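Visitor: I'd like a close look at one part of this thing. Could you walk me through the sheet and what packs around it?

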Amino acid sequence: MGRMKFLCDVERCIDCSGCVVACKEGNHIPVGVNRRRVITIGSGQPGEKSISVSCMHCSDAPCIAVCPVDCIYQREDGIVLHNKDTCIGCGYCFMACPFGAPQFPTGQVFGARGAMDKCTFCAGGPAETFSAKEMKLYGQNRIAEGKVPLCAGMCATKSLLAGDSDEVADVYRERNFKRGSGANAWGWSKAYTKK
Amino acid sequence: MTNSLNDMRHAQSMIFIGSNAAEAHPVSMQHILHAKEVNNAPIIVVDPRYTKLAAKATEFVRIRPGTDCIFIMGLVNEILQKGWEDKEFIRTRVAGFPEMAEVATKYTPEEVEKVTGIPAAQTREVAEILAKNRPTSLTWCMGGTQHSIGSSITRAFCILQLVLGNMGKSGGGTNIFRGHDNVQGATDMCVLSHTLPAYYGLSDGAWKHWCRVWDVDYDYIKGRFKEKKWMNAKGFTLSRWYEGVLGEEKIEQYTPIKAMIQWGCGSNSNSQYNRVVKAYNKLELFVIVDPFPTMAAATCTTDNVYILPCSSQYETSGSVTSTSRQIQWRYKIVEPINGCRDDYTIMKDLVERLGFADEFYKNIKEVPEDITREINKGSLTIGYNGQTPERIKKHMDNWHTFDIETLEAKGGPCNGDYYGMPWPCWTEEHPGTPILYDVSKPVAKGGLPFRNRFGLEHKYSMSGRTEDMLAAKGVYNPGSEVKGGYPEFKDVVPGTNWKTDLSQKTIKEAISRGMAPFGNARARCVVWTFPDQIPIHREPLHTPRPDLIPEYPTYEDQPNQYRVFTKFKSEQNPDLAKDFPFVLTTGRMVEHMGAGAETRSNKYLCELQPDMYAEINPVVGNNMGVRDGEMIWIESPEGGKVKVKALFTERVDEKTIFMPFHFGGVLMGKSLAGEYPEGHAPYVVGEPANVCTNYGYDIVTQIQATKDGLCKISRA
């Protein structure tokens, strides 16, 4: 087995935010906390691209390296999780993360951060699998159920791929192979550079 | 859709005009992108805005709002000039071609450029892409229809596909996307004022047909009307019903409208919305049936309003029709909550109290199955008769057996059926018709010719030529007894035809002879019942190009269009553009739906799109001294005005302002958030764009022209 990975196919992402809403609705995430976001680059201009971003579950995750209480850990399958009972909400992980994945609850007195929250790859957390505590602190554990994360399951265009990196890579490689000629080969430059 | 979303996977090219599928129909995009990736199919997007769909296009064509017809006729002309038309298809299956071609010659690429702003070279290029990548799937949505010449625009789309020979072919077709899963069903049941269900019209024959279906005495139904003539007269439309209340415009009815029920209607999707609000407050009785109190409830200052909370789609069951003409069964997931009741229960109580439950429920004992059965019994025109509740449920329970490419079940309990039995599904053994007008398959297996709808021959007024309306010899479905065109079936049961014979013997006889019950004829390029028999361009009522009015004037005023005086010529004022220099167009965003009552009551969607805004080009904003994100006023020629956030973007050009129409709960700068029933205000409120959408209605259908009005903007 390879390791778990997300891959967002930017040729297919249509910026519908279905992944964002599926994540929030399914994991009961409060408004203001975004485990996943869709970023649009060059909005309204030729070449506009959108990409759905969350925790990338890095191989060498900087958040793990900087956490002063060692609450962040990596599972054998590569999924990066953390323990909310141990987390002190210091925000070091937020500063270390290149993707802005760690989130903190807002609206508390003096802006106290509270425990960090981030994408769990829908793999719950260190609490007992399928327990009420796991659901409350981390959300669903779909990986334990043998399902893909909600965001990828919801994706209307199958742009967001999630799962074993070998399989994800295969799907993406096949897609690119099919795109390899004609209208798709040159993409935007072909569409907008007139002869 | 003549084809299906799945069938678009087979397209070799696609053209979208007046459609922003990436936002309005995101699920369709998986099939569209499949065709792009696997077939290398070019995607052409024609739109005034660089939409999110345009971001996926290979060719973006920026068009001036309201000029779709001339662009398409220009493509037709270019295709004919280059000899790229499908000559055999036209010879055998198309009527009125020479007359149409004559009109099209006027629309050269240079003339198209003059009117639409599309460079002549690009029109030529698009024509070549379409000609060399067949079949093409053509999609339009409300960007194509909501114009004063909307009916001509849609005709032009059909003509383009006929000329290219793309009809009745996998990967081709005219694929008009409908929104959620029962918009097509509502259309088929004709929740409209000019026809009975299943497009039967309002003639005596139509009423008698449905009375037989309902098992209700025709004279009883007749007795419900004040006079018989109102049975056959088209009623008010959704676009202009309020004129029947306000009395400011001359109406052709013996009484003003006094009471109104809005059942699942997003009220702020009506143009001229500030006048609609006036009408709400003048009604003696106003009933809103909806899961959420709509903006209509908040706008009423009188105590004439009753809100009946109904359940959502997850709390009830029944048959619904998708954009691909597929009929599906919606199962109930949970019981209605918080005292809501499903639509059937509300309807039943209403009917009982109105005192005609015996007649209404004659055939309906088991709800909702018997309702579907009644639809099966009567809707013969469009072949809704084979989709029994039992068959629909069988399809739902065996999803996994259907092929994603062809929609055909491979083995299993539904073997050979097409998913959802797309109409027409002529008998309980018929598999459904996945692609309309496809002569490559036997009729019993889902094939069809063009319908014989318009007589056996026609003499064209413009040319004096008489043409046989039936298909040419040699065009027929495999197994057909007649090897060419034939008229519709009638008198198999004396005194009836295929669409009024409730025994369905006529339909079965036709199928058994390998023929279509509705005949085998030609599709026409000339519609002799329309004011413009062949599509021609006419400038929008409120045009930014007054210089084009003399050459492309609008229609004469219509004294009785759906019971109300409707202005055309008298409304086309060439001086308007001086004070109202920007074109105002509206559309959708992916996070909200329709008038937004439902989606603005969802906290996550509100978090993603909390503000009403207007898209303006940065050049326009900077010239008027507004900054991105500041508030601006947008004002219509009729005096409607909205205060919205300016969103600087190059999606729109320097002449166009775009607003989404999903917001509500604010009216002309005043928030109505406190006017909703307590605890039921949506999370976010905003100005409805339709306060500013201009006067203007289609000449045939009276659909509101929301896409090509004028406006002016100022700092707030």
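Guide: Strands here are DSSP runs of E with at least two residues, helices are runs of H or I with at least four, and both are numbered from the N terminus. The model is predicted, so local features need pLDDT of at least 70 and side-chain atom pairs pLDDT 80 or more, while totals for chains, interfaces and linings use all residues. Residues are numbered from 1 along each chain as its sequence is written, with chains lettered from A and ligands numbered from 1 in the order written.

In chain B, four strands form an open sheet in the order S3-S2-S1-S5, with parallel pairing. Its edges are S3 (59–62) and S5 (136–140) of chain B, each pairing on one side only. From one strand to the next, the twist averages 15 degrees (axes are lines fitted to C-alpha atoms, for helices over the stretch in contact; angles run from 0 to 180 degrees between N-to-C directions). S1 (13–17) and S2 (43–47) of chain B share four bridges, and B:Phe16 has B:Val45 in S2(B) as its bridge partner.

Helix H7(B) lies across S1, S2, S3 and S5 of chain B, at about 135 degrees to S3(B).

Technical notes. Two strands pair if DSSP finds at least two bridges between them. Two residues are in contact if their C-beta atoms, placed from the backbone, lie within 7 Å.
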